[in-house]
Structures are given as C-alpha cells and as structure tokens.
Amino acid sequence: MRGTLSDRTGAALLMAPLLLFLVLAYAWPFLGVVKWSFTLPTPGLGQYGALVSDPLVQSVFVRTLRIAAIVTIVSVTAAYAITVVWVRGSPVQRVLAEFCILVPFWISVLTRAFGWVALLSNRGLVNTWLQSIGFISEPLTLVRNEFGVIVGMSHFLIPFAVFPLASAMRSLDERVLLAARGLGSSRMRTFWTVFVPMTRSGIIGSAMITFVFSLGFFVTPAILGGGRSVMIAELIYLRIFQSPDWGLGAAISVVLVVFVGALMALLFRYVKPKQLV
Amino acid sequence: MQQPGRAAEIKANGIGKSFGSFRALDNLTLDIGRGEFLTLLGPSGSGKTTFLMILAGFVQPSEGRLFSDGTDITDRPAEQRAAGMVFQGYALFPHMSVEQNIAFPLKVRKKSASEIKSRVGEMVERVGLKGHEKKLPAQLSGGQQQRVALARALVFEPGVLLLDEPFSALDKSLRGQMQAEMKRLHQETGTTFVFVTHDQSEALALSSRVAIFNHGKLLQVGRPDEVYDRPASRFVAEFLGEINMLPVKGVKPADNGATGVCEDRAVNMRCKAEKVRGDAILAIRPEHMSIAPEAAAGENGIAATAVASTYLGAATKLDLTTRQGAKVTVSVPNEVAAAALSKGNSVWLTWPAEKGFLLPDGGQ
Ligand SMILES: Nc1ncnc2c1ncn2[C@@H]1O[C@H](COP(=O)(O)OP(=O)(O)OP(=O)(O)O)[C@@H](O)[C@H]1O
Ligand SMILES: [Mg+2]
C-alpha cells in the first residue's frame with residue numbers, strides 16, 4: 001500500500017529520533033570498526049588477506065553457517081506448529097500457545113542458557129531421567145557441543161520465528177481453505193497443498209530472521225558450546241579482548257555485517273516489511 | 001459432458017441455524033429439483049450465504065435435516081459432499097496456475113494424468129480461458145478469475161453447483177455476459193444450480209425458480225413470473241421491483257376475482273380475495289399502467305397529475321400524484337410522458353384487471 005505524502009512525512013518525523021539514535025549508537029561506531037579493519041596493525045588489506053588464509057577463521061565461519069542453518073530449520077518448523085495452534089486453534093489452545101510464545105521473552109538469555117545447561121549436562125535432568133528409566137547406561141553429551149548450542153539457540157529464536165508466520169496465517173483468506181475442502185480435499189491434503197504454500201512469504205521471512213539472528217549469537221554458544229563450538233561473534237570477542245588482534249576482529253565484523261546486509265536485501269525482495277510483524 | 005440424471009435433487013427439511021441467540025435461519029423447508037436453476041434472493045443479512053454454507057457442509061444446521069437424492073447428508077462433511085462451490089470473491093488458490101486450480105478437484109480424486117489433462121483442457125475451452133492456462137490468479141481480470149472459479153467447480157461434474165454472489169464484483173456489461181454464459185453452462189451440464197444474489201433482475205433473468213429470503217425466513221418460492229406477478233407479501237412485491245400501492249376499500253369476492261373501491265371508483269381484480277377482505281392494498285407494477293385521456297366505464301382507472309419525469313432512454317419514468325394524494329410511478333413511452341407533463345393537468349391511469357393484485361393492508 002502506498003501512503004499519501006503527508007502520511008509518509010508524518011511517519012518519517014515519528015521515526016526520526018529512532019533513526020538518529022541508531023546512527024549515533026551503531027552506524028558511527030561501526031565506521032570506526034571499518035577503519036580499524038583497514039588500518040590495524042598496518043594500513044592496507046592485510047587483515048582481509050589473513051581472514052581468507054586463516055583456517056581457524058574459516059572453520060568458525062563454516063560452523064556458524066551450519067549451526068545457523070540447522071537452528072533455522074528447527075526453529076521455523078517448531079514455530080510453524082505453534083503458530084498454527086495460536087492462530088487457528090480453539091480459544092483454550094490459543095491462550096496456551098500465546099503463553100508459550102511470550103514467556104521466553106520475560107526470561108533473560110543468560111538465565112535460559114544456564115537453564116539448558118542444568119537440563120542437559122551429564123548429571124542434568126534429561127540424562128538422569130533417561131538413565132533412571134534404563135534407556136541409556138552412560139550419560140549422553142548434550143551440552144558443551146554443537147547439539148547444546150542448537151537447542152539453546154532454537155529455544156531462544158522460536159518466538160521470533162512465530163511473528164512473520166502468524167502474520168501470514170492471519171491474512172490468509174479462510175474461504176480458500178473452505179474451497180479446497182468443498183472440492184473434495186481432506187484436511188491433511190488441504191494443509192499441505194494449500195495452507196503451507198499460501199504461507200510461503202511468512203516461512204521465508206521467518207527463516208531469514210532466524211538465520212540472521214543466529215549468525216550474531218554470542219552468549220548462548222559461549223555458555224552451551226563450552227568453548228568447543230565457537231561461533232563468529234565469540235571469535236570476534238576473542239580476537240579483540242584476548243589476542244588482542246583488533247584489526248582481524250574488525251575485519252571479521254565487517255564481513256559479517258556485509259553478509260547480513262546482503263541477506264536482508266534478499267529478504268526484502270521477497271517479503272514486504274509489513275509481513276514480518 | 002455430464003450424463004443427465006447425475007444432477008442432485010435436494011430437500012431441506014425444517015433447517016434452522018442460530019449463532020448464539022441470533023436466528024440466522026428459521027425453519028426452512030425447500031425442495032430443489034434435479035437440474036433446476038434456483039436463485040436465493042434477499043437483502044443483506046437475510047441468511048442466503050448461511051443456507052448455501054449449510055448445503056455445502058461448511059456450516060452445521062442447528063436443527064432440521066438435509067437430503068440429497070433421498071439420502072440424509074446432514075452429518076456428512078464438506079469434502080464428502082463435494083458440491084461444486086463458487087465463493088464470493090472466487091477463493092482461487094493464489095499459488096496455483098489457472099490449469100492447476102482447475103485440476104485440483106481431479107487430483108484430489110486421483111484421476112490419471114491423461115484424464116486430468118483432457119478434462120482440464122476441455123473445461124478451459126468451455127469457459128473461454130484458452131491461452132491463460134499458465135497464469136496465476138493475480139494476473140487475471142475479475143471476469144477471468146470468475147471463469148476459473150466456475151471451471152474449477154464444474155470440472156469434477158458435481159451433482160449441484162453452489163454460487164454465492166459470483167458476479168457482485170463485476171461491472172455491468174461483464175455481468176450480463178457472465179449471466180448468459182452461466183445460463184449456457186447450466187444447460188450444457190444439466191447440473192442443479194443454486195445461485196445466491198441480492199440483485200432481483202439477475203434472479204428473474206436466470207432462474208427456473210426464485211426463493212425469496214428475509215430475516216432468515218423463506219418468504220416465497222416460485223417461477224420468476226409467479227413471484228413477480230403474484231407476490232405473496234408486500235415485502236416480496238417491493239423487493240422484486242418498483243411497485244405502486246393504492247389503498248382499496250370494501251374488497252369482496254366477485255365472479256372472476258374481486259372488486260373494491262379505489263379513489264372513489266370501482267376497480268376489478270382477477271386475483272382471489274380469500275385472505276383479503278375489506279381494506280387492502282392494490283399493487284400494480286409501473287410497466288403495467290398506462291396513461292389515457294379517459295377511463296371507459298367498467299375499466300380500471302384513476303385520475304392523477306403528472307409531477308416529474310425521468311428519462312431512461314428506452315422509456316420514461318413518470319411520477320404522478322392521485323387525487324387522494326397517493327404517489328404513483330409509471331413507465332411509459334417517451335412521447336406519452338412528454339405529452340402528459342405538458343398538459344400539466346389531470347390524466348387517467350389505467351391498468352388491466354389481471355395485472356393488479358391484492359396485498360393485506362399494512363401487512364409485511
Ligand atoms: N459465523 C457467524 N457468527 C455469527 N453470526 C453470523 C455468522 N455467520 C452469519 N452470521 C449472521 O447471520 C446473518 C445472515 O448472514 P448471511 O451471511 O447468511 O447473510 P446473506 O444473506 O448472505 O447476506 P449478504 O447478502 O450480505 O451476503 C447475518 O446477520 C450475519 O451477521
Ligand atoms: Mg452472503
């Protein structure tokens with residue numbers, strides 16, 4: 001929909017303080033980071049060269065992309081199921097689903113990560129329970145590895161994945177579903193051949209948001225990965241605060257931001273921003 | 001092509017539907033004949049869509065039973081009834097091409113690929129969509145989307161086709177074209193059509209019978225000429241088109257109809273006065289009244305003065321006031337209207353006895 005001119009000026013005025021804040025708090029400091037990446041320790045493209053040739057950096061990039069992809073698939077699938085219940089369930093089901101979606105927002109990411117450690121560690125709830133019913137004899141390694149990272153990140157991201165899906169499901173014309181059933185299609189078939197394809201824009205939006213968020217995760221992989229599955233954000237942290245190799249850390253940051261920017265551009269070619277809320 | 005006899009015969013028996021305390025449909029009993037073109041006509045909110053949804057199986061009636069070819073189908077889910085349905089706003093699958101939309105009901109029925117191809121091709125041709133097979137619904141005009149919806153609903157040869165205001169979004173000329181096309185499709189397929197509209201001229205033009213609804217009640221069912229010329233109530237009379245209402249006094253049965261006094265003149269009616277005695281309303285359609293210099297003795301006529309005219313092209317609508325102050329509208333040839341207006345004084349309005357009918361005074 002195209003707003004009138006005064007609509008748009010009004011919206012721009014309302015957004016101005018936020019834009020100003022974003023420029024001052026993010027864009028300006030980021031320019032400093034860009035500068036470091038070309039100047040530290042010596043001016044030139046050296047840091048980017050090191051980035052390409054460093055096998056550690058590369059393996060972290062690959063791991064980050066892999067984890068982000070798996071987390072995206074897990075989160076979007078789970079979010080899809082929850083959203084179907086939230087948008088189309090009975091009144092009681094709706095309330096329950098809404099509760100499940102909103103509660104995680106009230107618990108800090110740190111608390112949640114430690115919560116998962118408590119659940120998944122060798123002497124945690126899951127392992128003791130599985131052992132007590134005799135399902136396993138040795139505890140399974142569920143944290144301080146990629147599995148734990150994926151569980152923790154998915155748990156964090158599912159609520160975010162819900163909103164684009166809910167928006168797509170809400171705008172769907174109920175009569176199209178009735179039409180499918182009236183033409184002889186079972187509920188199952190209608191779901192897979194009509195409902196899911198019609199919520200495609202929501203799935204794309206949800207997947208993009210989840211994927212982009214996953215790339216920048218820091219706390220969850222740091223705690224649940226136990227240093228064994230380092231992701232990009234943690235690597236940047238290590239380079240800047242521990243090595244200290246500011247130039248390389250800055251260069252990795254720049255590559256990450258450019259990559260995310262490209263993904264966002266791609267996203268908005270397929271979905272309108274309004275469909276994401 | 002559909003074999004005749006596949007068309008369904010539907011019986012609604014005492015169907016009612018409540019939404020909470022709201023009565024959307026009340027004790028509706030209606031037989032829909034095999035291969036009939038029945039139109040459900042009524043104002044907004046009268047329960048037409050609700051009844052159609054009950055026929056399709058999307059809405060469960062609160063009471064009453066529904067029979068198709070003698071079988072009770074009240075509890076049968078929509079996907080097993082498989083009535084063809086065209087929704088208000090078409091409800092096409094937006095992610096499927098024209099071809100895929102039309103093929104959908106056949107795929108659901110697990111028809112062979114070759115059968116699907118030939119039947120979809122035939123249907124595309126029949127509704128005039130050749131060359132548009134690969135397009136998505138969003139790339140089609142309103143009229144074309146309408147045709148896809150019709151094709152999709154007819155391709156699996158349903159026993160009954162349900163249509164909910166299919167033409168409401170189309171402009172007038174396209175509407176006329178689609179009406180003609182639908183009549184043709186009805187004749188070609190021989191299927192039972194149940195068609196919802198709130199446009200009375202559309203209802204009269206298309207249907208073999210018209211069912212008139214108001215406030216969830218079925219008021220009258222009959223052939224278009226029956227309901228138009230012999231409405232059972234004032235509501236039906238007014239809903240089906242413009243009508244003049246004149247008070248009559250002293251109505252009593254006569255040799256071949258009834259007599260009464262209208263504007264101090266004796267008038268004759270051909271309709272029976274069983275239900276109506278004493279004071280009543282005499283209703284006459286505008287096109288059945290003519291302007292005359294005099295009313296002969298024994299002819300139905302009242303004196304009136306022309307006050308305004310509206311040029312309609314083929315005819316002129318003339319507004320008149322009778323001596324006792326009743327407002328009357330007639331539709332007359334243009335030059336007759338001009339003459340009546342230029343005289344500026346009294347003319348006579350006459351009508352044949354068989355064109356006037358009696359309605360209870362003040363009744364609905
Ligand atoms: N699901 C529902 N819940 C509550 N009320 C409903 C529901 N469906 C329909 N109604 C009510 O029932 C009445 C009849 O509705 P219906 O849609 O059958 O009317 P209609 O004759 O098709 O009108 P229109 O010409 O506007 O389409 C309306 O007053 C409507 O508000
Ligand atoms: Mg309706």
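In this predicted model, A:Arg88 and A:Glu174 form a salt bridge, with their closest N and O atoms 3.3 Å apart. The two partners sit in distant parts of the chain: A:Arg88 belongs to helix 3 (residues 55–88) of chain A, while A:Glu174 belongs to helix 8 (residues 174–182) of chain A, 86 residues apart. How exposed is each partner? A:Arg88 is partly exposed, with a relative accessible area of 35%, and A:Glu174 is partly exposed too, at 39%.

Now let us visit a pair that involves chain B. A:Arg181 and B:Glu79 meet through their side chains in a salt bridge of 2.8 Å, N to O. A:Arg181 lies in helix 8 of chain A and B:Glu79 in helix 2 (residues 78–81) of chain B, so this pair joins two chains. Are these two residues buried or exposed? A:Arg181 has a relative accessible area of 14% and counts as buried, because buried means under 20%. B:Glu79 is buried as well, at 18%.

Within chain B, B:Arg65 forms a salt bridge with B:Asp72. B:Arg65 is partly exposed at 34% relative accessibility, and B:Asp72 is partly exposed at 35%. Elsewhere, B:Arg23, B:Asp26, B:Glu63 and B:Lys217 are joined into one network by salt bridges that share partners.

| Salt bridge | Closest N to O distance |
|---|---|
| A:Arg88 and A:Glu174 | 3.3 Å |
| B:Arg65 and B:Asp72 | 2.9 Å |

And how many salt bridges are there over all chains? The count comes to 27.

Notes:
Residues numbered from 1 in each chain as written. Chains lettered and ligands numbered in written order. Predicted model: local features only at pLDDT ≥ 70, side-chain atom pairs only at ≥ 80, totals over all residues. Heavy atoms only, no water. Salt bridge = Lys/Arg side-chain N within 4 Å of Asp/Glu carboxyl O. Helix = DSSP H or I, 4+ residues; strand = E, 2+ residues; numbered from the N terminus. Buried < 20%, exposed > 50% of the residue type's maximum accessible area, 1.4 Å probe, protein only.
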